[in-house]
Amino acid sequence: MIELHRVWRVFSVGPVKVPALSDVSFRIAKGEFVTLHGASGAGKTTLLRLLYRDDLPTEGEIDVLRYDVPRLRRREVAEMRRMIGVVFQDAKLLPGRTVYENVAFVLRVLGTPRREITPRVFDALRAVGMSSRAQAYPAQLSQGEAQRAALARAIARKPLLLLADEPTGSLDEAMAGEVLDVIKDIWAGGTTVLFATHQRAVAAALRQRTLALQAGRVVKDEG
Amino acid sequence: MLGFLIGEALRDLRRAGRVAISAILLITLSLAALGGFWLVSSNIGQATDHWRNRVRIIVFLKREAGTPESTALVQRVTAIPGVSAVRYVGKAEALGTLKEVLGKDASVADQLPINPLPASLEVTPTAEGATPDGARVLIERLAALPEAEEVGGGSQWIDRLAQARRLLNAIGFGVGAVLALAAILTVTTATTLVLHARRQETEIMRLVGASELMVRLPLLLQGMMQGLLGAMLAIWVLIGSYALVAPGLEPLVHQTLGVERLSFLRPYDVVGLMFAGSVLGGFGGWLARGRREP
């Protein structure tokens, strides 16, 4: 599903080279749930961005869903991303649209037939326990609800891979628990999950394989 | 899908706000200027066409010819390239025409001891013969006739009118082009603001795998909508100006150019203006660039 081989990502700050990822290699099989744990600045977000081709590695091989990611053409990038769901710490909901419209937006963008949109939106909202909040605007949602709405948007397209970048990072314990339960349900449905977090407690609570990142290097792969 | 794209484009247009209004007004201005020059030019064109059909070249003859002789002369001149028709005007007919022109003063002509007017040939040139070069060549050929005393007439003033029309077209296109360029830049600015306002949508669209075309189509459409709105306003401005100015101007134009009614733009000119507006706006929208993917 995901395979990285000796991946480097080095940023240039003037004459200074700053490695964000150094010689990262690992493999994630289809259907796995993997936690990517590391402190802020460890390289978690950089790594996830490389996986959905929002950035390019300085060096190394990246294979996601059998796509040779660094060498993809623009059309193939779009094709690959249609199979990947991404959620972020800030839910990135569109503020002028209701929860329903936020989820429907991505289906419309991808040309889903009109008659399929409403049932699929409500399937996704039910899966995250948000169907009763379909007409609410993002400003009317709690952070936990906003994150669940973002998850609904990510899974409405039935992705094969879910990349979660600190989705519980700004939530209190109770809300984080709700979001984790939803993500586990999505995983139970057959979606491969790569979950990035800086919260040791969250990583421990998930009790899944954990990749520990430290200063851009994978220092532990356990579970 | 089209409904979704149009909906997004309308949302973007609202977001662009005042800058979009400026862009629409600039497109209105540029197309109204272009359409205005076009309107004046097409009416001048109508006048030149009208008068070009009435161009006559008069060949004054050295002496009056008899019937068989004049028939042969008419046949000979008709065969000259660039000649469409020839009519022989005898001395008596010329005097009769003069009396008609003099009207109540026709008796003056009766005081003349002899008819001083020469016989002549009234030559109607073909379309090629009525052009500036064609008329020059034809006049040279007619002047070479042994029977010809002098050749008069031609199309110089009509050519000057046609020249004025060409100049007007050039000025119109020049002014229109400068204003159109300003309009394109304004639409580009409006679209750049839209791009900034819709960066979250764009980010989500790219994230979920929308094609680049799908990301950019709403921008193109909102640009085209600005252009179309500008063109429609320009057409209303032209219709209003025409309705206001034409009735007062028509008597003067009739007297000077012989054109009875000033005509408005033809339906396909109007469609052309609307098309031009959409292209201007769409081009401006397409030029705007946001963050590029790696």
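View 1. Angles run from 0 to 180 degrees between N-to-C directions, and axes are lines fitted to C-alpha atoms, for helices over the stretch in contact. Helices (H or I, at least four residues) and strands (E, at least two) are DSSP runs, numbered from the N terminus. Two residues are in contact if their C-beta atoms, placed from the backbone, lie within 7 Å. The model is predicted: local features need pLDDT of at least 70, side-chain atom pairs count only at pLDDT 80 or more, and totals for chains, interfaces and linings use all residues. Residues are numbered from 1 along each chain as its sequence is written, while chains are lettered from A and ligands numbered from 1 in the order in which they are written.

**View 2. An open sheet in chain B has 4 strands in the order E2-E3-E1-E4.** The pairing is antiparallel; two strands pair if DSSP finds at least two bridges between them. Strands E2 (83-89) and E4 (148-153) of chain B are at the edges with a single partner strand each, so one side of each has no neighbour in the sheet. On average, neighbouring strands of this sheet are turned by 20 degrees against each other, direction ignored. Strand E1 (residues 57-61) and strand E3 (residues 120-125) of chain B pair over 4 bridges. Val59(B) has Leu121(B) as its bridge partner in E3(B).

**View 3. The largest nonpolar core has 113 residues.** Such a core is a set of buried Ala, Val, Leu, Ile, Met, Phe, Trp, Tyr and Cys residues joined through C-beta atoms within 7 Å. A residue is buried if 20 or more other C-beta atoms lie within 10 Å of its own, C-beta atoms being placed from the backbone. Among the residues with the most contacts inside this core are Leu51(A), Leu163(A) and Ala183(B). Helix H1 (residues 2-52) of chain B gives the largest share of the core, 15 residues. Not counting residues up to four places away in sequence, Leu51(A) touches Ile2(A), Ile62(A), Val64(A) and Leu163(A).

**View 4. Met205(B) sits in helix H7 (residues 199-207) of chain B.** Met205(B) is buried because 24 other C-beta atoms lie within 10 Å. Beyond four places in sequence, Met205(B) touches Val109(A), Ala210(B), Met214(B) and Val215(B).

Notes. Buried ≥ 20, exposed ≤ 12 C-beta atoms within 10 Å, placed from the backbone.
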